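Please look over the sequence and the three-dimensional structure shown below before reading on.

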Amino acid sequence: MKLIDLRSDTVTKPTEKMRKAMYKAEVGDDVYRDDPTIIELEYKAAKKLGKEAALFVPSGTMGNQVAVLTHTQRGEEIILEENSHIFINEVGGIAILAGVQAKTLKGVSGALNVNDVENAIREEDIHYPKTSLICIENTHNKAGGKVIPIENMKSIYELGKKHSIPIHLDGARIFNASTYLNVDVKEIAQFADSINFCLSKGLCAPIGSVLVGSNEFINKARKNRKLLGGGMRQAGILAAAGIIALDEMTLRLQEDHENAKNLAEGLAEIPGIHLDVEGVQTNIIMVDVSGMGINGNQLADSLKKYNILINGSKDGNIRLVTHAYINKDDIDKVLKSFKNLI
Ligand code: TLP
């Protein structure tokens, strides 16, 4: 029986076409810049996002950490949304690696309020650290895959320009955002100085993210990637899958969004389940099951019997994520299983 894995879009596996491309990939030592497949991926990624240069990195976490390290000096302060992945889920890396401190702000659906950001920027004072970076996340994971409006990004970018503070975008799922907004990804990317996006997750590559920005930024970032042990050798074998992720898998995300919406609509009809159906914009659904009289961990255990995997939780709040390996029939099956549980 098929396993329906709703834990994350990180669980996606490389497609048949990716595996074939990986087999055939031309490779070389990328620390010497000798790997043609990586060079091709980086060229395509920079072009697609409208930036000068790109850097292939092993993970989204490394891409974000390299970005923070490259934009900042030790002892400075960076502004982040309080539930951002960089702040919550990267093992405190900004403190350990870049040696910066975080100024977190409460967002609305993941979006920072531009006035709050302006107020948070440090003035010159002998007591204060310098504010050296503003980070945003689009789509916003913990806000339930919410898309940050382009107008909001634009106003924060302009604020950054006014204060000479760069903007880093954690765009792990930026193609989900561009799909939802039905705009070219450049429309979003233009309002950030650096962007990290993931080729794994919804785009199905087995490994890898790409950091994009100016030539100067990427040259520095390349050295910082080496510092973190991320200088890879014949990694064209991975970039080959990444090229398919970028060229082809970015075009099919609407399907995942429709499946998420259908799942959300079905779940909302089940007694004891609460969620904001209207708020489901992309491939992530946040659900409160506490009204079923169980917590997320108990639900996860029960769903295993139906071959459905979800991440549990101590309270009733769970996250369900759709992706290329979840189809319409799977959604029906998940809804049936929830009803059986009731
Ligand atoms: N997110 C994972 C977990 O780490 C939570 C997931 O299952 O969603 N930025 C964002 C917005 C992310 O959601 C993630 C991964 C990353 C960065 C890090 O990417 P990886 O896992 O490649 O280091």
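This is a predicted model: local features need pLDDT of at least 70, side-chain atom pairs count only at pLDDT 80 or more; totals for chains, interfaces and linings use all residues.

## A buried residue in a helix

A residue is called buried when its relative accessible area is under 20%, exposed when that area is over 50%, and partly exposed in between. Asp256 has its place in helix α12, and, when neighbours within four places in sequence are left aside, Asp256 is in contact with Thr282, Asn283, Thr322, His323 and Ala324.

Helix α12 itself runs over residues 253-268, and its 16 residues should span 22 Å at 1.5 Å a residue, which agrees with the 23 Å between its end C-alpha atoms. Besides Asp256, the buried residues of α12 include Leu253, His257, Asn259, Ala260, Leu263, Ala264, Gly266 and Leu267. The elements that cover the buried residues of α12 include α8 (174-181), β9 (284-288), β11 and α14 (328-341).

Is Val280 buried or exposed? Val280 has a relative accessible area of 8%, and it is therefore buried. Leaving aside neighbours within four places in sequence, the residues in contact with Val280 are Ala260, Lys261, Ala264 and Ile285; of these, Ala260 and Ala264 are among the buried residues of α12. Val280 can also be placed relative to Lys304, which is 24 residues away along the chain, with 24 Å between the two C-alpha atoms.

## Two domains

The protein is divided into two domains, with domain 1 covering residues 16-250 and domain 2 covering residues 252-341. The contact between them takes 18 residues from domain 1 and 13 residues from domain 2. Taken over C-alpha atoms, the centres of domain 1 and domain 2 are separated by 29 Å.

## The largest pocket

Both domains take part in the largest pocket, since its lining draws at least three residues from each of domain 1 and domain 2. About 520 Å³ of space lies in this pocket. Of the 27 residues that line the largest pocket, His85, Asn89, Asn141, Lys142 and Arg319 lie nearest its centre.

## An enclosed helix

The buried residues of α3 are Gly60, Met62, Gly63, Asn64, Gln65, Val66, Ala67, Val68, Leu69, Thr70 and His71.

## The second largest pocket

The second largest pocket holds about 160 Å³ of space. Its lining is made up of Ile121, Arg122, Glu123, Glu124, Asp125, Tyr128, Pro129, Lys130, Thr131, His163, Ser164 and Ile165. Sorted by class, the lining of this second pocket has 5 charged, 4 nonpolar and 3 polar residues.

## Backbone features in loops

Some backbone features in the loops can be looked at one by one. The peptide bond that leads from Asn138 to Thr139 is cis, with omega near 0°, and Thr139 lies in the loop between β5 (131-137) and α7 (150-163).

Ser109 is not a glycine, yet it has a positive phi of about 50°. Ser109 lies in the loop between β4 (101-105) and α6 (114-120), and with a relative accessible area of 40% Ser109 is partly exposed. Lys201, likewise not a glycine, has a positive phi of about 55°. The loop that holds Lys201 runs between β7 and β8 (209-213), and Lys201 is buried, with a relative accessible area of 15%.

Note on methods:
Residues are numbered from 1 along each chain as its sequence is written. Side-chain values use heavy atoms; hydrogens and water are left out. On a 1 Å grid over the protein atoms alone, a cavity is a set of points where a 1.4 Å probe fits but cannot get out, and a pocket is an open set with protein on both sides within 12 Å along at least five of seven lines; lining residues have an atom within 4 Å of a point. Grid points are joined across faces, edges and corners, and a volume is the space filled by probe spheres set on the points. Domain bounds come from an automatic or database domain assignment. Ala, Val, Leu, Ile, Met, Phe, Trp, Tyr, Cys and Pro count as nonpolar, Asp, Glu, Lys and Arg as charged, and the others, Gly among them, as polar. Helices (H or I, at least four residues) and strands (E, at least two) are DSSP runs, numbered from the N terminus. The expected span of a helix is 1.5 Å times one less than its number of residues. Buried means under 20% relative accessible area, exposed over 50%, partly exposed in between (1.4 Å probe, protein chains only). Contact means heavy atoms within 4.5 Å.
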